Amino acid sequence: PDKPATERQIARMLALAGHPVALHLFLPDGYVPKHATPEHVGRFYRSWGAIRTEPFDGLIVTGAPIERVAFEDVAYWRELQRILDWSAYRGIAQLTLCWAAFAALYHGRGVAKRLLPAKRFGIFRQTVEAPFASVVRGLGTQFPTPVSRYAEMEADELPDTRDLAVLARSDASGLCLVEDRALDAVHMFNHLEYDAGTLAEEFVRDRRAGLPVAMPSGYVLGDSLANPPVALWRSYGRRFYGNWVERLARRRSIAPVPVSSRGEPEPRRPEPATP
């Protein structure tokens with residue numbers, strides 16, 4: 001719901017990744033955001049139809065506060081399905097965040113989300129379960145991350161395939177990070193890109209909206225917003241995003257994005273069925 005803040009957070013992480021990154025913002029065709037001014041959208045965003053023939057190395061799909069809405073009832077669901085298929089067809093690596101992680105695993109793997117009785121909200125320590133995976137390199141055996149969602153997916157409900165791997169999770173907050181090697185996709189259910197004050201802003205926003213949300217767990221001393229929060233996860237976020245960009249850079253050096261004579265990226269996978 002706060003596009004400028006999310007844009008800054010992700011752009012900052014990419015800028016610190018150690019490689020030059022060109023960031024292009026786009027929206028599903030025909031979608032008009034409710035929480036951004038037309039001036040902001042018109043200045044910084046293009047439609048998917050306007051950029052779909054351009055060569056990209058990676059696709060980041062951000063979250064949305066709609067976990068309690070059925071996927072099929074989301075206004076841009078069919079368009080998002082097409083975007084995810086386009087990414088896989090073109091060989092574009094995916095990084096999905098929060099709700100988008102649920103959406104991608106539901107679309108690509110048929111995994112259902114489970115609604116939580118209350119918002120899972122706070123700072124939770126995650127355990128790295130696949131230390132040799134490139135995106136968790138340097139995160140150690142455990143790392144803290146902000147969690148802010150109304151849904152979860154169960155590890156034992158993931159398809160039994162060697163292409164899917166749980167990279168990190170927590171007994172308290174559930175799955176954190178899942179990799180789909182077949183689609184070159186990394187699904188992050190949480191928010192290593194958050195600023196120190198983001199959870200506090202969300203708490204105030206939810207309370208003003210009349211939502212029965214509790215104080216974010218493990219966030220500030222004494223569970224009081226009078227105490228300034230500290231982004232204990234920040235160095236881990238930089239490492240995670242840096243690892244993802246490094247993987248894109250390494251893949252580009254081995255196999256550059258192929259471009260046709262018309263300037264369009266050539267497909268690396270069979271054409272998917274259009275949903």
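Buried means under 20% relative accessible area, exposed means over 50%, and partly exposed is what falls in between, using a 1.4 Å probe and protein chains only. You're looking at a predicted model, where local features need pLDDT of at least 70, side-chain atom pairs count only at pLDDT 80 or more, and totals for chains, interfaces and linings use all residues. Residues are numbered from 1 along each chain as its sequence is written, and side-chain values use heavy atoms, with hydrogens and water left out.

**Exercise 1. Classify the ring pair Phe 240 and Tyr 241, and say whether each residue is buried or exposed.**

Step 1: get the rule. Rings of Phe, Tyr and Trp (its six-membered ring) pair if their centres lie within 6.5 Å; planes under 30 degrees apart are stacked, over 60 edge-to-face, and the rest tilted.

Step 2: see how many there are. The whole structure gives 12 aromatic pairs.

Step 3: start with a practice pair. Trp 77 and Tyr 106 have ring centres 5.9 Å apart and planes at 45°, so this pair is tilted. Trp 77 belongs to helix H4 (residues 77-90) and Tyr 106 to helix H5 (residues 99-109), so the pair ties together parts 29 residues apart in sequence. Helices here (H or I, at least four residues) and strands (E, at least two) are DSSP runs, numbered from the N terminus. Trp 77 is buried at 5% relative accessibility, while Tyr 106 is partly exposed at 27%.

Step 4: now the pair you were asked about. For Phe 240 and Tyr 241 the centres are 5.4 Å apart and the planes sit at 85°, so call it edge-to-face. Phe 240 is buried, at 1%, and Tyr 241 is buried too, at 0%.

Step 5: look around Trp 77 again. Trp 77 and Tyr 106 form one aromatic cluster with Tyr 31, Phe 71, Tyr 76 and Trp 99.

**Exercise 2. Work out how H4 and H5 pack, and which residues meet.**

Step 1: take the geometry. The helices pack at an angle of about 75°, with axes 11 Å apart. (Axes are lines fitted to C-alpha atoms, for helices over the stretch in contact, and angles run from 0 to 180 degrees between N-to-C directions.)

Step 2: name the arrangement. H4 is roughly perpendicular to H5, a label for 65 to 115 degrees; under 35 is roughly parallel, over 145 roughly antiparallel, and the rest oblique.

Step 3: list the contacts, meaning heavy atoms within 4.5 Å. From H4, Trp 77, Leu 80, Gln 81, Leu 84 and Asp 85 meet Trp 99, Ala 103, Ala 104, Tyr 106 and His 107 of H5.

Step 4: sort them. You get seven nonpolar, two polar and one charged. Here Ala, Val, Leu, Ile, Met, Phe, Trp, Tyr, Cys and Pro are nonpolar, Asp, Glu, Lys and Arg charged, and the others, Gly among them, polar.
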